[in-house]
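Q: Please take a close look at one part of this model and describe the contacts made there in a connected account.

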Amino acid sequence: MDRKSSWKSECPVVQTLERVGERWSILLLRELFRGAHRFDELQTSLGIAPNILSTRLTRLVEAGFVEKHLYQEHPSRHTYHLTQRGEDFIPVLFVLLEFGNKHFAPGGPKVVVVNKDTAEIVEPVLVDRKTGVAITGDGFTIASTNLASKQTQAKYSLQACKAARAGRTKVAKKTPTR
C-alpha cells in the first residue's frame, strides 16, 4: 500500500466496509438476526441468487460475523448463526433503519425497532456510554489515538479534525450571492 493511502488500512470504517459493505451482506446479517438460519430460508426471504448467497455467507463466515453449523451430512447442509461480532453489529442495523425511516420514508416508517417486552416503538440513537449524551455531528469528531501511524495521526489529529469541521461548517452556512 502506498504512503498516501496507508491511513485507509487503519480506518475502522474502511475495515468494516471491507467486511460487510457488499450488497446483500448487511441484509443477510439482518435476516440472521430475525431468525432465518438455513440457506433456503435466507434465499427465500431475500430473493437472492444461490451463488451470490453462498459467496456472501462464506465472506461473512471468514470475517467472523457468522458461524456455520452442519445439520445434515448427506447432502451436506448447514445452518448459519451470528457470532458475537455479528451480534455487536445489530445496533448498527437499528441505526441504519432509523436513518432510512428519517430520510427515505416520506409517507412514514414501514418498519421500526420495537422493545421485545413492551412492543413499544423505540428511537435508536448512539450515546456516549460514560455520559449518556447523544452523539451527533455537532459536538463530536473523529480523531486518531497514539496507536495510529504517523500519517493517520496527522490526518486525524484533533486539530486537523477541528479545522476540517470548522471549514465545512463555514462553507455550509454561507448563503449564495448573485
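Over which ring does the charged end of Arg85 sit?

A: The model is a predicted one, in which local features need pLDDT of at least 70 and side-chain atom pairs count only at pLDDT 80 or more, while totals for chains, interfaces and linings use all residues. Residues are numbered from 1 along each chain as its sequence is written, and side-chain values use heavy atoms, with hydrogens and water left out.

The charged end of Arg85 sits over the ring of Phe65, 6.0 Å from its centre; the criterion is NZ of Lys or CZ of Arg within 6 Å of the ring centre and within 35 degrees of the ring normal. By this criterion the charged end of Arg38 also sits over a ring, that of Tyr71, at 4.2 Å from the centre.

The structure holds three aromatic pairs, defined by rings of Phe, Tyr or Trp (its six-membered ring) whose centres lie within 6.5 Å, with planes under 30 degrees apart called stacked, over 60 edge-to-face and the rest tilted. One of them joins Phe65 to Phe89: the ring centres are 6.0 Å apart and the planes stand at 85°, so this pair is edge-to-face. It links distant parts of the chain, as Phe65 lies in the loop between α4 and β1 (66-72) and Phe89 in helix α5 (residues 84-104), 24 residues apart. Helices here are DSSP runs (H or I, at least four residues), as are strands (E, at least two), numbered from the N terminus. Phe65 and Phe89 are both buried, where buried means under 20% relative accessible area, exposed over 50% and partly exposed in between (1.4 Å probe, protein chains only).

Phe99 and Phe104 form another edge-to-face pair, with 6.0 Å centre to centre and 65° between the planes. Phe99 is partly exposed because its relative accessibility is 43%, whereas Phe104, at 63%, counts as exposed.

Phe39, Leu42 and Gln43 in α3 meet Pro50, Leu53, Ser54 and Leu57 in α4, contact meaning heavy atoms within 4.5 Å.
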